[in-house]
Amino acid sequence: MSTATEFRAKTRTGRIADFVDQRVGGSMMVKEFGRKIFPDHWSFMFGEVALYTFVILLISGTFLTFFFDPSMAETHYDGSYNPLRGVEMSVAYASSLDISFDVRGGLFMRQVHHWSALLFVASVSVHMLRVFFTGAFRKPRELNWVVGGVLLVLSMAAGFTGYSLPDDLLSGNGLRIIDGVIKAIPVVGTYISAFLFGGEFPGNAIIGRLYMLHIMLVPALILLMVAIHLFMVVVHKHTQYPGPGRTEDNVVGFPVGPVYAAKAGGFFFIVFGVIALISGFFTINPIWNYGPYDPSPVSAGTQPDWYIGWVDGALRLMPGVLGNFSFEWIIPFPWGNNTLVLNVLLPALVPAIVLLGLMFTWLWIERWVTRDNREHHILDRPRNAPFRTAVGVAGVIFYSVMWAAASSDLIATHFHVALNDVTYWLRVLFFAGPVIGFIVTRRLCLALQRKDRDIVLHGREAGIIEMSPEGAFSERHEPLDEYKRYRLVSFESHDVIPAQPNAAGHITGAEKRRGALSRFFFEDRVAPVTPAELAEAHAHHGPAAVESGEKAQIGH
Amino acid sequence: MKALSQRRRHPLAAAALLLIGLVATGGLYTAAGSVNEAKASTVYTASDVEEGNKLFVANCATCHGLNAEGTPDGPSLIGVGAAAVDFQVGTGRMPMQMQGPQAQAKPVQFTDEQIGQLSAFVASLGAGPAVPHEEWLDTSLGNSANGGAVFRTNCAMCHNAAAAGGALTRGKFAPSLAGVSEAHIYEAMATGPQNMPVFNDSNISPEEKRDVITFLKEIESQGSPGGAALGSLGPVSEGLFIWTAGLGIIIAFTIWLTSRSS
Amino acid sequence: MGDHSHGGPNDSGTVAKAGPASLEKFQDPGLPPHRKRLADTYPRAEKRAERQVAWLFVISIIGTLSFFIAYFVIGRTDSISALRTQNMLLGLGTAFAMLGIGVGIVHWAKTLMPDHEVSESRHEIRPEADRQDAAKIIGDVIEETGIKRRPLIRNTVIGAIALAPIPAIFMFRDLDRTGASANQIVDRLRYTMWDKDVKLVRDPSGTPIKASDVQIGSVFHVIPEGLSEAEHPLNEKAKAVVLLMRLDPSKMNISPGRENWHYNGIVAYSKICTHVGCPVALYEQQTHHLLCPCHQSTFDLTQECKVIFGPAGHALPQLPITVDSEGFLVAQSDFTEPVGPSYWERG
């Protein structure tokens, strides 16, 4: 039904926009999103860095697909890189050399692609850590956290399949290691290895298959996951840090159009520019140095790209034999002996299960222990969630010990220590590191919280020394204004919830465990300052004394 | 004839005569010198051996024995050859500073002449690898592609594919080969210093050794086409770089971007 | 700081607890007042910001032009240093082109666009009215299919849909392109190209090795003769590469049955690490240790390559060797156990 006043566009742009709008209903999207509010904090931008590096990967990757040939057929190099002239190699390796030396801008695009890949996984990881340490994974964002975890795994898969494509000595030895790990899988390992490589290792199918995974399947899955991830961010709206004017029921920030879109859009160009700068000045993955893959040679300092490092490090730390006891267990069966290759299976599986398992299930553990099923849109400052922060740091240390172990030989040569000693120390830190990290972090968080209380109760040290008429010296403290103060007091400090009886009046075993965990998590806690406590501090010491900084007894 | 005698008294005649004299003596010296050099790698005089003996007793005998027969502190040098001495002393590894898992290269303590004398003495004790002839060190005669293939199979596992060095067990290491002279590379292959295996001529032939040296010198001089090589140590330094410099620059930009403008 | 005088049996008292009496919290003071920027107050500051933004976009244009200079003026490079210069200029050009636009737009937003913080309320993600409507619709839909009243249809449809995708899994059986049976897939891991009288030749040149060539302290990287003519040379090489070294026979600890596997102290061992398959290539001649660079498995040559450090689980397999009538080193047979990483069926 036509309205009495039909819209007629005045400018040509207007007419084109009107044409499209009448056919797609864009006005509704403009209404919904045009002035949508997004909060602005630098720690929120890592997800954007990840998204933008992914876009750069797509752009640079598309360029490379025009020149790369994943065939493993044999050829002899006749390009312009002299130290490899005439050398026998696969077509895949030769085409990678051609991109580097005989396609203008090819080396630059290869470097843009590879540096972006490193930054992609790094920014996904930092983003994930930010979300963890600020508690942004709580309701309603649990599913988005799971999608993010899947994205992390997919990003590592994309990187691994990608750097194996040039079929050079370094990545080829990486594939050899993966083949060895796969063969260690009981019952089906040898078959999976044969299916993956199309026969015996190395075969001539693997590069082509990795190519398909790298340019089609994994990017498609990543795009799908990213779409779901962003859709949920729009539905849930972004979280925000505590502060004046910020509540669980609002979002405070800038509208999408124009400020937020300008900053976010401009940031894409900034990320691209930084990658371009790095790619112009720093070599990455110099495949011409490694030579073509051959099962016989190997280079000192054989490591995977950084994000696979933790798996390599775990493989290095595991001892294979202790005296005469071997971790390869030969199990007698009626039909003969079978070998359980624990020295490979344990390091390949256990740290992954622990880390990924904890990553995916932490939300539910926290919900269960705190019995907190409310929606949370205000973030926690990490110091205000000491237990969660400490667990997170313990996880980071666990990961980092394995990551460091992957570069054990380089640590040995650079710091002039014995290779074997590096391994022994890291084996100890593998177990002790997370425990020590947990304890230290928790104490640090509690101390920082006490410092915050101190600042609220007594104000900031102003650096001005005053002398009283009696001759005493004291430092002036300036009290916080109400906005700064609100930021330091507007947090929730979880209290211990002891085991509660259920509806039938019975305390179940699971509930007892929860109560015990709740005490372990929250027994040591620091609560935010209340108005009563502040008034008491003023009354107890007098406003002048408050400003002169006498220490108030905590809990008085 | 008149023209020539007239030019004899030209003011520049003296300068020309001086120039001819200098060129002649210099050229003769070079020619004589190179002939001697060609022989110098294999022929030592008796006085070289005697001087070398004196140097040896003063600097090496404490660990290697008065007649280089070896002691608990140092192995026997009988049969190691002049090449071994030229390498060890020429790179400063010997005299060793202190006992340890490995002799470290350090500032050279002797002059070339003294090194030659020490080599002469040790060579006189028993037949062993000789200092290589110039011909085998001439990189214009070598094939770097073949050298690269030989290097990757025999050397890269210790010294790294780009010759940047690598770790061995218990505090030992294979050093970077950057800046090492052609002769020393050859001698190290031929004598197998410390834990480096011996690559005698029937394992890696002199031509192949020359190819390896050609390869090493080519990759050293060409530099890295992509920019700074970050030590040619592979993904570890690349990962470290992106986490420190890369993320650092990005974070700096994000802090600027979200900060309030004045 | 460590005042425990207010503690009790269940808590230390040093850490503050907000007692039950003071549960009130501070009131939210609302958004802080907006502070104007220089560009908001002074037209000259505004004009200067405008000029800065414009200059940034100009820098971007210059960057784009530099890219073209690097690409077309330097053109096809003929040396590594020319390539490095071109790469650097392409990088600089792209960096300025991108950073110019990015920094320009962000600076524009920060200095000139309105910077008032605005508050917007959140909607309920799932209003109760929506839930009731949706629940009713789903109920109606299920009711109209009639599936609850028709268990025969329900059971058979579940059966059909569960079975239908299974063929897709078995379609991948021929990922192994060799046409090998399941037994052959496992069996072929046991055998390499080595056999009686196969000569040991150098890798990669292929020249045979005389016993007299091998001196104590040397290491030869070895492949079987005829490898380059094999149908799949790299596949064969991946199982057949061998390390050849010489020991003083008095230092060797030889286990029973292997007494004639060496020739005058010359021994040959598989080069494939028994951990996960990297080449165990580092030979330390004075310590007689073999080191794998990937995960640092260390094998002792004087104890038949027993594992003495690292994650490998068993010793390197030994290749029995001898010499032929001309003095060249040859194998006596294939390896007596599978080479390389362990697997379930290794036994």
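Predicted model: local features only at pLDDT ≥ 70, side-chain atom pairs only at ≥ 80, totals over all residues.
Local features need pLDDT of at least 70, side-chain atom pairs count only at pLDDT 80 or more, and totals for chains, interfaces and linings use all residues. Residues are numbered from 1 along each chain as its sequence is written.

**View 1. Chain A against chain C.** Here 124 residues of chain A are in contact with 103 residues of chain C. Contact means heavy atoms within 4.5 Å. The two chains bury about 9,600 Å², with 63% of it on carbon and sulfur atoms. Buried area is the accessible area (1.4 Å probe) that two parts lose on being put together, summed over both. In chain A, the most area is lost to chain C by A:Arg104, A:Phe195 and A:Glu200, together 9% of what that side buries.

**View 2. A salt bridge between chains A and C.** A:Lys237 meets C:Glu120 at 3.9 Å, N to O. A salt bridge puts a side-chain nitrogen of Lys or Arg within 4 Å of a carboxyl oxygen of Asp or Glu. Four salt bridges are found across this interface.

View 3. Strand E4 (residues 250–255) of chain A runs antiparallel to strand E1 (residues 118–121) of chain C, joined by four bridges. Strands are DSSP runs of E, at least two residues long, numbered from the N terminus. Pairing needs at least two DSSP bridges between two strands. A:Val252 has C:Ser119 as its bridge partner.

**View 4. Chain B against chain C.** On this interface, 33 residues of chain B are in contact with 39 residues of chain C. One salt bridge is counted. B:Lys172 forms it with C:Glu284, the closest N and O atoms being 3.2 Å apart.

Methods:
Chains lettered and ligands numbered in written order. Heavy atoms only, no water.
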